[in-house]
Amino acid sequence: MITISDKAGQVTAINIFTVEIPEQQQRIVDFLVENQDIPMRQPGFISASVHTSLDGKRVINYVQWHSQKDMEVAMKDQDFIAMKEKVGNFAPHDFNFYQVVVTMEA
């Protein structure tokens, strides 16, 4: 089970794709699933989650790394670069890095 943690040092990459028609959501999801081995084999990879908006307009790819250094190393891997460039061509997207500062649960 994937756990979101506010453990010091961990970094989260959040990539938000905005699509014009709902069918494009599945195309992005399929690509990310078909290429999941690329980020998964990178040192420091923790987990990835893909979310689709109920209005059919967005896909969010949420990827957790043990550290910023691990994420930076992955960003230099040729397969990772190629995957990031290809998925970036599917739809306009916003790609940024974050740290979890608070988690809450019932």
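The exercises below, each with a worked solution, concern a predicted model.

**Exercise 1.** Work out which strands stand at the edges of the open sheet of 4 strands, and why one side of each is left without a neighbour.

*Solution.* Begin with the order of the strands, which is S2-S3-S1-S4, with antiparallel pairing. Strand S2 (45–52) and strand S4 (93–98) each have a single partner strand, so they stand at the edges and one side of each has no neighbour in the sheet. From one strand to the next, the twist averages 10°. Turning to one pair, S1 and S4 are joined in the antiparallel sense over 6 bridges, and the bridge partner of Ile16 in S4 is Asp94.

**Exercise 2.** Find which element gives the most residues to the largest nonpolar core.

*Solution.* This core has 19 residues, and those with the most contacts inside it are Phe17, Ile28, Phe31, Trp65 and Val87. Among the elements that give two or more residues to the core are strand S1 (11–18), helix H1 (23–34) and helix H4 (78–88). H1 gives the most, with 4 residues; this helix also lies across S1, S2 and S3, running at about 25° to S3.

**Exercise 3.** Explain which parts of the chain are tied together by the pair Arg41 and Asp79.

*Solution.* First, the side chains of Arg41 and Asp79 meet in a salt bridge, at 2.4 Å from N to O. Next, Arg41 lies in the loop between helix H2 (37–40) and S2, whereas Asp79 lies in helix H4, so the pair ties together parts that are 38 residues apart in sequence.

Conventions:
Residues numbered from 1 in each chain as written. Predicted model: local features only at pLDDT ≥ 70, side-chain atom pairs only at ≥ 80, totals over all residues. Heavy atoms only, no water. Core = buried A, V, L, I, M, F, W, Y, C linked by side-chain atoms within 4.5 Å. Buried < 20%, exposed > 50% of the residue type's maximum accessible area, 1.4 Å probe, protein only. Pairing = 2+ DSSP bridges. Axes fitted to C-alpha atoms, helices over the stretch in contact; angles between N-to-C directions. Contact = heavy atoms within 4.5 Å. Salt bridge = Lys/Arg side-chain N within 4 Å of Asp/Glu carboxyl O.
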